Amino acid sequence: MIFDKLINYLKLDKQEFIFQFNSHPNYPSALAFSDTLNFMGVKNDAYELDKEYWDELPEEFIAIVENAFSLVKKSGSSYAVYSEKAKTFEKDELYKKSTDFVLLFEKTEKAETKSVFNFKPVLYGIFAVIIAYSFISQTIFEAIFNILSLAGVYISLEIFNQKFGNTSTVIGSICGGGGAAAAQTVNSCDKIIKQDKTSILGLKFSDFSLIYFIGLAILGLFLPVTAYIVKGFAFVSVIAIGYSVYIQAFVEKAFCRICLLIISILAAQLILSIVFFQNLSFGIGALLLTVILWALIFSAVKYFNTLLEEKETLQKSNAKNLRFKRNYELFKSQMLQNEKIEFQDTQTFSVGQKDSKLRISIVSNPYCGFCKDAHKLAESLLEKYPNDISLQMRFNYSPERAHPEYNLLISDLTHIYHNKPEKDFLHAVETWFETKDESKINALSGGKPTSENMNPLVEMSKENSNAGLSFTPIFIINGYQFPDKYDREDLLFFIDELIDDEEI
């Protein structure tokens with residue numbers, strides 16, 4: 001199922017979205033789609049709504065149009081629809097081609113995800129150096145030839161990335177952006193690029209385009225010494241031009257704008273080499289450089305192509321495995337296998353909606369190295385579901401075995417809990433796990449030594465010990481211990497169903 005335009009509009013990480021969607025146990029249902037959007041930070045509510053009420057919907061909503069999840073935007077009397085491609089429908093046509101399912105969404109600040117490393121600034125820097133060198137040290141025509149090679153490298157890299165599921169705004173803008181004609185063009189580009197049946201030593205035609213232009217960009221730096229070889233490759237490119245035109249015109253019967261742009265670059269380089277690269281000399285050194293260079297580039301592209309293919313295969317396999325693991329009924333059965341724990345004290349260090357149906361307890365220790373992430377997860381759930389969750393922090397505390405700093409820390413936290421707003425207590429806990437500085441917690445409590453009644457915490461710790469909850473951190477959900485077969489972060493995938501589950 002493809003919805004590139006929708007993902008681009010919502011500014012979501014495409015690979016992450018596809019992975020989470022595919023790994024949902026109810027894939028490819030509307031529930032899976034809705035849950036994935038929630039997980040990615042796009043809050044939404046799904047409805048089955050008769051068409052007669054669609055006029056009351058917001059300007060933007062998500063619907064199933066032509067059997068695909070699509071973003072629908074009202075535009076006067078017509079509707080712009082974004083899914084795999086962009087289309088425009090009149091009201092009657094939209095109603096006819098869509099189901100009654102609608103999803104109202106609200107983007108949050110967390111909706112956009114960013115890559116850990118963005119290679120493009122480095123790439124642009126390399127391009128700038130090559131262009132500057134070309135104009136300073138070479139003739140104007142040699143510099144233009146190098147610029148065309150760099151353009152070929154950039155476009156080929158975008159195609160290479162798109163082959164492995166990355167969205168390319170450059171290819172999208174060249175191939176078309178909206179309307180019926182644009183949709184047909186986008187489809188043509190997709191048909192030519194993604195359905196490339198060429199396979200030479202495991203590489204596609206688009207991979208050889210990347211190898212060719214990288215090699216030519218490097219050889220171009222040594223012009224005019226390498227002019228004879230560069231001109232030879234420009235003549236050989238006629239074969240690639242003819243092959244590409246043949247595939248588009250007679251095999252696929254569809255023309256791809258991005259392919260035509262690459263053909264134009266090849267043609268321009270051919271003309272430049274014929275007209276301006278004259279009086280050429282042939283050197284064994286230049287030939288040896290070319291052979292070594294092409295071998296290195298071919299090996300590098302082959303390596304990364306294999307690496308990314310293996311990664312894609314592993315992601316698909318992992319998505320299938322996670323689809324099984326994230327099945328709520330399976331998770332629930334694992335959780336109910338544990339004996340239910342009845343806590344007597346549920347008020348100490350308790351935050352959130354006190355009478356909520358879903359009660360989460362986290363057994364931890366302030367000096368536990370693994371507890372920081374567990375508390376961060378618990379507090380993020382409380383922030384996301386403030387009206388549906390109560391959270392109790394059950395610190396293991398025994399005064400006779402605690403060092404003086406721990407006694408002071410617990411006293412300060414107790415003072416903040418009893419005398420200040422809930423948000424101040426949560427802030428104090430967060431500050432502690434971030435800094436592990438007792439003086440900062442004391443400052444938050446008022447800056448003076450505190451002497452609070454510790455008996456409730458002592459009794460709470462005894463309850464933890466009697467229930468065998470010595471190791472930390474441990475999540476307890478409505479009295480049931482979180483299954484050890486699952487990672488704590490998996491709780492994010494089950495929280496909505498836990499809230500709605502009357503049995504739990």
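The accessible surface of the protein chain in this predicted model amounts to about 26,100 Å² (Shrake-Rupley method, 1.4 Å probe), and carbon and sulfur atoms contribute 57% of that area. Of the 504 residues in the chain, 45% are buried, where buried denotes under 20% relative accessible area, exposed over 50%, and partly exposed in between (1.4 Å probe, protein chains only). Because the model is predicted, local features need pLDDT of at least 70 and side-chain atom pairs count only at pLDDT 80 or more, whereas totals for chains, interfaces and linings use all residues. Residues are numbered from 1 along each chain as its sequence is written, and side-chain values use heavy atoms, with hydrogens and water left out.

The secondary structure comprises 19 helices and eleven strands, assigned as DSSP runs (helices H or I, at least four residues; strands E, at least two) and numbered from the N terminus. Among contacts with a separation of 6 or more, 75% are accounted for by residues 24 or more positions apart, a contact being heavy atoms within 4.5 Å.

Helix 11 (residues 257-276) contains 20 residues and should span 28 Å at 1.5 Å a residue, the expected span being 1.5 Å times one less than the number of residues. The end C-alpha atoms of helix 11 are 28 Å apart, in agreement with that value. The buried residues of this helix include Ile258, Ile262, Leu266, Gln269 and Ser273.

The largest nonpolar core has 50 residues; such a core is a set of buried Ala, Val, Leu, Ile, Met, Phe, Trp, Tyr and Cys residues joined through side-chain atoms within 4.5 Å. Met393, Leu413, Phe425 and Leu498 touch the most other members of this core. Beyond residues up to four places away in sequence, Leu498 touches Tyr328, Phe331, Met335, Leu358, Ile477, Leu491 and Ile504. A second, separate core of 40 residues includes Tyr154, Ile211, Leu219 and Ile241.

Two loop positions were examined individually. Thr226 lies between helix 9 (205-220) and helix 10 (227-251) and is classed as buried because its relative accessibility is 1%. A polar atom of the Thr226 side chain is 2.7 Å from the backbone oxygen of Leu219. Apart from neighbours within four places in sequence, Thr226 contacts Leu219 and Ala286. Gln347, in the loop between helix 13 (328-336) and strand 7 (350-352), has a relative accessible area of 48% and is therefore partly exposed. Gln347 and Gln392 are 45 residues apart in sequence, with a C-alpha to C-alpha distance of 7.5 Å. With residues up to four places away excluded, Gln347 touches Lys354, Gln392 and Tyr417.

Note on methods
A polar contact is a pair of N or O atoms within 3.5 Å; within protein, one must be able to donate a hydrogen and the other to accept it, and residues adjacent in sequence count only if both atoms are side-chain atoms.
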